[in-house]
Amino acid sequence: MKTYLISILVLLSTSLNAEGLPSQWYFGEETKSNNEKSSDPYDIDKSLESLHDAQTHALKKVDSEKSGWYLAGMKTILGLTLKGKLGIKSWGGKKAIELNWKKRDSKKGLEETENNVDTFNFSEYKSSEDALTEIEPFISSLVESGKVNDEKSLRNNLRSKINEFYQVAKGAESAAPQAYRPHKIRLDLTVGADGSVNGLFVKVGGDIRLRFEWSRKNFYQKESETLKSKITKQTEKLLNGLASEIGKAIEEEPAAKTLKLKEFKVGVGVSVSGSVGVAKVSASIVPQVYFKKVTLLEKAEEVSVEEIPFLTDDKSNELKFVSSTRIRKGFKKSIRFAEYFQKKFNKKKYRKSKWAVHTIKPSYTFDLSGDVGVVSLKGLATFELAYVNNKF
Amino acid sequence: MKMKRTLKFFAMCLVLSAGSACKKNIDDIPLIGIDGNGEVHEVSISGKKFKKFNTRAMKYTKEETLKALSSLDKGEKKSWKLDAVEVGLAAKAGFGLGNVLKAEAEPAFILVYKKRN
């Protein structure tokens, strides 16, 4: 009798343990109807242990030989199914988490490797006209090579993107000195043969790619308020609000003590009517603003913003406002998730491994009620945060 | 007696269901993604099999990458200097996904090689 009871209890506990990512960490329109547990046996802890074991084993094997080149690190891309299974994202869909692996004795971080792409550096241009002049040889070379057959369309499309990017960059430049500050803006574009310009690099090879980039210089001249355009003013306000809320969230959230937020990235979109708001990273063209923690040379400014504007995904492309308190709450939740996930790669038994997860980059989606969740395969990311493992 | 028999039956059912579930282990690693039609697909692979495949693929990639990089180093002098390379590895081949998916495999692992100073 006892034997049967024990076996039942043991088996019940086994089946209860077999589950994916707890549903509080993800949500979304696309998951509402599918928010049920997978019936397959799966345990997130065990599965991630297998992944850790396989990755560290392989990294150790390929790291042994000496040559002029060395393996500095590896990135693993994970995706999340609608039923909470976290797996290796092997084909289409949105990335949920990126893991950056590094050797423990390596001092250098796994900085982003620059892609071989034509880049236009907007921090060097004094006006959008400067940028247009700089891009002229690029346009001419595309037309002369026959890769683009509609020169007028290409010029018009690029002109509009340059003007918009320039104004967004000016807004970032004017952002108030706070603990987190915009330090880079990037817009990746793909040019079609008909002169169309699309966002994001989606395929490998064949495409004509170009990049707009702006990075902060410490010696910039603050633009006078009267010269700022509507887009510039709204961008400045939006970025100030986001920097303020993430700064406060880190101060207030106890879980933030075990993590170091290295960088956070957000898509900033401009609506047809010229309004600026947080935009989900979709197929549309959205500049990505990168914030990082800075050591300020000047006194930090107290910024208080009541609401953060979001651009809706629907055709109306309108602004919806979310209270900054809700945004801060969302950021806090994202910190708690990062802590939860970081623990999975900081187990005692991994400490002796030469290779370890150095940076965790979860992508989150915010809904208009202010809730936040890890983005699923079918979702659209709003923010990406990069946390450095403090126990590395 | 009846209670004992019921418990025995219940325990046997659980043993059997757990036994059948063991075909898919809880430590399996899911490979997931969306195909060209927007459908989510997942294929689970045992941790052991994945470890073997991953090590083999990374070893092969390393050999090929270093071969290509050393031939680049030996080539004619260029005005630019290559000091970092990213190599993407896709986890599609060999896992039975075959032609089931119309979507292109995307790199799930990106190896970053840097030049020694």
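Which residues in α3(A) meet residues in α2(B)? Select A:S50, A:D53, A:A54, A:Q55, A:H57, A:A58, A:K61 and A:V62 in α3(A); their partners in α2(B) are B:G47, B:F50, B:K51, B:N54, B:T55, B:M58, B:K59 and B:K62. Contact requires C-beta atoms, placed from the backbone, to lie within 7 Å. The model is predicted, so local features need pLDDT of at least 70 and side-chain atom pairs count only at pLDDT 80 or more, while totals for chains, interfaces and linings use all residues. Residues are numbered from 1 along each chain as its sequence is written, with chains lettered from A and ligands numbered from 1 in the order in which they are written.

Next, display both helices whole (helices are DSSP runs of H or I, at least four residues).

Now move to helix α4 of chain A, residues 128–144. Its 17 residues reach 24 Å from first C-alpha to last, close to the 24 Å expected at 1.5 Å a residue (1.5 Å times one less than the number of residues). Select A:I135: a kink of about 35° lies there, shortly before the proline A:P137 (the angle between axes fitted to the seven residues ending there and the seven starting there). Just after α4(A), A:G146 takes a positive phi of about 80°.

Definitions and conventions: Helix = DSSP H or I, 4+ residues; strand = E, 2+ residues; numbered from the N terminus. Contact = placed C-beta atoms within 7 Å.
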